[in-house]
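Please prepare a short briefing on the structure shown below. It should cover the chain as a whole, then selected sheets, a hairpin and a helix.

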Amino acid sequence: MRDHSGIAASVVIVGASAAGLASAACLKRQGVDYILLEQSERVAVRWRTQYDRLHLHTNRGLSGLPYRPMPSSYPRYPSRDQVVAYLEEYAEQFQLAPRFGQTVVSIEPRDDGWMTITEETSFSSRFVVIATGNAREPQMPSFPGMDRFRGTVLHSRDYRSGAAYRGQSVLVVGFGNSGGEIAIDLYEQGARPALAVRGAVNVIPRDVFGIPVLAIAVYAPKGPPAVSDFLFAPLISLVVGDITKLGLRTLPYGPQQQIARDRRIPLLDIGTIKHIRESHIAAYPGITRFTEAGVVFEDGRELEVGAVIMATGYRPALHDFLPAAARVTDASGTPLVSGRESPLPGLFFCGFHVAPTGMLREIGIEAQRIARAIGAGRHTPV
């Protein structure tokens, strides 16, 4: 039975992955009392359930959270398991002590702050930090004929390893960073992968002459995205080459403008383009319909496949537990503001801003900014 008495704290943080842990550590450094809620039984559950091959696309030096850099023993691009170990050690070092098994069902404003209600109890606070991230709910597209397809269809959330598809033809739908890496994993594990790329894209190299491209972005002079795109276009062209020769279409604006306009990170190429050039991975346009044995593409070509993996992204799904979500999010459900106070007083979001310099780095910046704002304006717990 739910306890309605309300456990009090200055701040309630929802989510105990990177953004929630960083927010808690920064609040602790400010001397602000908080309660950290996590619906699973461990920290970093989203990282734990990613596919086996996953590595950070941002380098180790730019991926540490506040007050604790990633270990120097890690490679330049840490693996999924190394990120999980780092987040576990981060929580232990700062004694963050999340309350596990707390599924939040509602976060509602009150005259004197906020009430966070879980399946078991409720928490009253002056401030709330929502750190559940952009990947709460997979976006699963639907196509005509999908119900007749005899193969397997799954979202990339449920993909683990290409070993399960050895010898099979597999179509990956989507050309983001997950789709690009999953296609490589399928090839390396003995499958025959193809990519369905519906729209125009931008591709940038993960490294330029041995230097992480995101490190270049961090230290490059700041300016309008269009100017940055103009300045870096020759370098990207030199390293990546002409992707239109591979059947891919390029966006009419560059990667910095794509991030600013579309809130989407371009493909950080870790070898996908090379594999397409060498015909290890086939590239097709978008799907129009499924058949019993495969798919038909926009250009009329057909492909027989045994499995289709939808690397089609996620949505924040904040409306599931935040009745006032429409007042603080855009049409896609993404918070209007991340790292600063939202239009609703006392409500903050951390880890929702798509940054050209890496998500973990941005999370650290946001968490410190939020902690300073709360530390400067906190009230007596309600």
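The accessible surface of the protein chain comes to about 17,200 Å², computed by the Shrake-Rupley method with a 1.4 Å probe; for residues, only the protein chains shown count as cover. Carbon and sulfur atoms account for 51% of that surface. This is a predicted model, in which local features need pLDDT of at least 70 and side-chain atom pairs count only at pLDDT 80 or more, while totals for chains, interfaces and linings use all residues. Residues are numbered from 1 along each chain as its sequence is written, and side-chain values use heavy atoms, with hydrogens and water left out.

**The chain as a whole**

- The C-alpha trace of the protein chain spans about 65 × 50 × 40 Å along its principal axes.
- A compact globule of 382 residues would have a radius of gyration near 21 Å, and the 22 Å of the protein chain agrees with this; the radius is taken over C-alpha atoms, and the globule rule is 2.2 Å times the number of residues to the power 0.38.
- Of the 382 residues, 54% count as buried, that is, under 20% relative accessible area (1.4 Å probe, protein chains only).
- Among contacts (heavy atoms within 4.5 Å) between residues at least 6 apart in sequence, 67% join residues at least 24 apart.
- The secondary structure comprises nine helices and 20 strands; these are DSSP runs, numbered from the N terminus, with helices (H or I) of at least four residues and strands (E) of at least two.

- Five strands form an open sheet in the order 7-18-8-9-14, with parallel pairing; two strands pair if DSSP finds at least two bridges between them.
- Strand 7 (152-155) and strand 14 (282-284) are the edge strands, each pairing on one side only.
- Strand 9 (residues 192-196) pairs with strand 14 in the parallel sense over three bridges, and A196 has Y284 of strand 14 as its bridge partner.

**The hairpin**

- Strand 3 (residues 104-110) and strand 4 (residues 113-118) pair in the antiparallel sense over six bridges.
- Two residues lie between strand 3 and strand 4 in this hairpin.
- The bridge partner of S106 is I117 in strand 4.

**Helix 9**

- The 19 residues of helix 9 (residues 359-377) should span 27 Å at 1.5 Å a residue, and its end C-alpha atoms are 27 Å apart, which agrees; the expected span is 1.5 Å times one less than the number of residues.
- Buried residues of helix 9 include L360, I363, I370 and I374.
- The buried residues of helix 9 pack against strand 1 (7-14), helix 1 (18-29), strand 5 (122-130) and strand 20 (347-349).

Definitions and conventions. Buried < 20%, exposed > 50% of the residue type's maximum accessible area, 1.4 Å probe, protein only.
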